[in-house]
Amino acid sequence: MARIQSIRGMNDILPTETPLWQYLEARVRDVLSRYGYSEIRFPIVEHTELFKRSIGEVTDIVEKEMYTFEDRNSDSLTLRPEGTASCVRACDQNGLLHNQIQRLWYTGPMFRHERPQKGRLRQFHQIGVETFGMLGPDIDAELILLTARLWRDLGISDALTLELNSIGNAESRANYRQALVNYLSGFMDELDEDSKRRLNSNPLRILDSKDPKTRALLADAPVLSDYLDDVSKQHFDGLCARLDAVGIPYRLNPQLVRGLDYYGLTVFEWTTDKLGAQGTVCAGGRYDGLVEQLGGKPTPAVGFAMGIERLVLMLETLQVTPKEHTQADIFIVSMGEQADIAALKIGEQLRNTLPAQKVVINCGGGSFKSQFKKADKSGASIAVVLGEDELQRGEAAVKPLRAGQGEQQFVALTELVNHISKNYF
Ligand code: ATP
Ligand code: MG
């Protein structure tokens, strides 16, 4: 019978890959906890309306990328394409926002029906950070500092650039939108199809166009920074001053916009030239209007999300991965019913005494030869060998598996754990 395959763009993350994922996730968790952030978990599926209302009807995500389906009650549900909307929904619903400060993070799979390629999947994973209740640019700066520290911890700082822009408040954007539409309307014939359509529906997204002709037109287009009102300008200057003060370099990119409608004021991206076309590993910004837009009380908010797959690719590309992962430190080989039972007992004793070591028991029989093969493959530095003869003498053999660790020795079972912890770990 034909095998059933996974869905295109939805990858398995194999046991050879998970150690790197766990390493990355542990580093992120560590940094977040050092800045006082708490984890929040929310469902993978939400009412479709949540994403339509927050991300925006005329965005790539909502127009063509969402996994939307009817459940058995004919409710329209959607696999979350991102975490911010769900996070806001969860916080508001559970009363975490009103008159409170929140610094939160989450991680998990996100779903977008895009064309799968390197660094672009249909089920991908993000670690997202969202903060609520803080109006000034200090928290924008904190989020950037936190990510900068993470890149340093991971050893990838040199390969990342911070791109920064302010897209102003709603009024500034409305003024700018008009100026951009006026300008681009003069070049209707030269615009790509998507951009033509967006000229009416969502002109700011045109700034994000990858079409070379459209890009050329944009070079002379009006720039958003000239349309910022004083409050927006002040916020942005405040952020830049803070980044300057702590020595975080950034590149001002007046054409940086985000693909989600809820952003205002600060937007930023960390980009790299090491991953080809999919160069953004982390992106975010301020979204002071979203909580209210979703039915809550007005609440200032700012956050970002990073793409785990892209960061993993970066660690691999830059070869800054942690030391090779081994399955075992101690591998227990046994032969015969009594020895198999003794192996279980000794395994438990070793795990009691040496909590930092990985102890793997052969399980499932096999010749000594095949068991030693498994022991070698596991990466263990020693094998404990329990044969019928040794057992009868009340002994086990301890066999070093790596060069320079000396010869095999016979050790009394009563001394075994002690001997191993003293001589090998
Ligand atoms: P892009 O411009 O690359 O499409 P985006 O603006 O759609 O990204 P966001 O919605 O801001 O991305 O998501 C934040 C991060 O999540 C991105 O910077 C990227 O690292 C990651 N990401 C987004 N979409 C995908 C995907 N389809 N596959 C893998 N990672 C993704
Ligand atoms: Mg996208």
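Around ligand 1 there are 16 residues, of which Arg112, Glu114, Arg120, Leu121 and Arg258 come nearest; a residue is counted when one of its heavy atoms lies within 4 Å of the molecule. The model is predicted, so local features need pLDDT of at least 70 and side-chain atom pairs pLDDT 80 or more, while totals for chains, interfaces and linings use all residues. Residues are numbered from 1 along each chain as its sequence is written, chains are lettered from A and ligands numbered from 1 in the order in which they are written, and side-chain values use heavy atoms, without hydrogens and water.

By class, this shell has seven nonpolar, four polar and five charged residues. Among the strands (DSSP runs of E, at least two residues), β6 (123-132), β10 (280-286) and β11 (301-307) each supply at least two residues of the shell. The strand β10 gives the most, with four residues.

Several polar contacts, pairs of N or O atoms within 3.5 Å, may now be considered. A nitrogen atom of ligand 1 is 2.9 Å from a polar backbone atom of Leu121. An oxygen atom of the ligand is 2.7 Å from an N or O atom in the side chain of Arg258, and a backbone N or O atom of Thr280 lies 2.9 Å from an oxygen atom of ligand 1. The protein covers 88% of the 580 Å² of accessible area (Shrake-Rupley method, 1.4 Å probe) that ligand 1 has on its own.

The structure holds zero disulfides, a disulfide being a pair of cysteine sulfur atoms within 2.5 Å. For Cys87, the nearest cysteine sulfur, that of Cys91, is 4.2 Å away.

Key
Polar contact = N/O pair within 3.5 Å; in protein donor to acceptor, adjacent residues only side chain to side chain. Nonpolar A, V, L, I, M, F, W, Y, C, P; charged D, E, K, R; others polar.
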